[in-house]
Amino acid sequence: MQIERKESSIEKAFVAACRRYGGIAKKQTAGGGDLDRRVIWPKGVTTYAELKRGRNSVRSKAQQDEVGLLMSMGHLAMFIDNEMDIAMFIKLSMERVMAQP
């Protein structure tokens with residue numbers, strides 16, 4: 001059973017996990033559908049995340065469109081709602097890093 005956490009708590013765990021694996025989770029504040037975090041990884045890999053409080057949190061059309069656009073261009077972009085999502089994001093990000101020469 002997942003316990004719903006505050007977005008700030010999920011954000012803290014997300015930033016710590018990225019740092020643990022060599023990433024820098026930069027906060028984005030431009031708005032207009034921009035996702036919460038841009039994560040810069042070794043070997044020139046960049047991924048994107050929108051952090052939410054839980055599965056029932058509102059995902060704006062602009063955010064959904066941004067995730068779709070980024071993914072259609074070959075980027076990793078995800079909504080992060082809980083620790084399992086964080087683990088999946090890290091796994092997928094590390095696969096991209098390890099695929100680089």
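Predicted model: local features only at pLDDT ≥ 70, side-chain atom pairs only at ≥ 80, totals over all residues.
Helix α2 (residues 61-72) lies across strands β3 and β4. Its direction runs at about 145 degrees to β4.

- The open sheet has 4 strands, in the order β1-β2-β3-β4, and its pairing is mixed.
- β1 (24-27) and β4 (77-80) stand at the edges with a single partner strand each, so one side of each is left without a neighbour in the sheet.
- On average, neighbouring strands of the sheet are turned by 30 degrees against each other, direction ignored.
- Strands pair through backbone hydrogen bonds, either parallel or antiparallel.
- β2 (residues 37-40) pairs with β3 (residues 46-51) in the antiparallel sense, over 4 bridges.
- Val39 has Thr47 in β3 as its bridge partner.

**The cores**
- Nonpolar side chains tend to be buried together in soluble globular proteins.
- Here, the largest nonpolar core has 19 residues.
- Phe14, Cys18, Trp41, Ile80 and Phe89 have the most contacts inside this core.
- At least two residues of this core come from each of α1 (7-20), β3, β4 and α3.
- Another core, of 6 residues, lies apart from the largest one, and includes Leu35, Tyr48, Ala77 and Phe79.

**Around Ile80**
- Neighbours within four places in sequence are left aside here.
- Beyond them, Ile80 is in contact with Ile10, Phe14, Ala49, Glu50, Leu51, Lys52, Asp85, Ile86 and Phe89.
- Of these, Phe14 and Phe89 are, like Ile80, among the residues with the most contacts inside the largest core.

Methods:
Residues numbered from 1 in each chain as written. Heavy atoms only, no water. Pairing = 2+ DSSP bridges. Axes fitted to C-alpha atoms, helices over the stretch in contact; angles between N-to-C directions. Contact = heavy atoms within 4.5 Å. Core = buried A, V, L, I, M, F, W, Y, C linked by side-chain atoms within 4.5 Å. Buried < 20%, exposed > 50% of the residue type's maximum accessible area, 1.4 Å probe, protein only.
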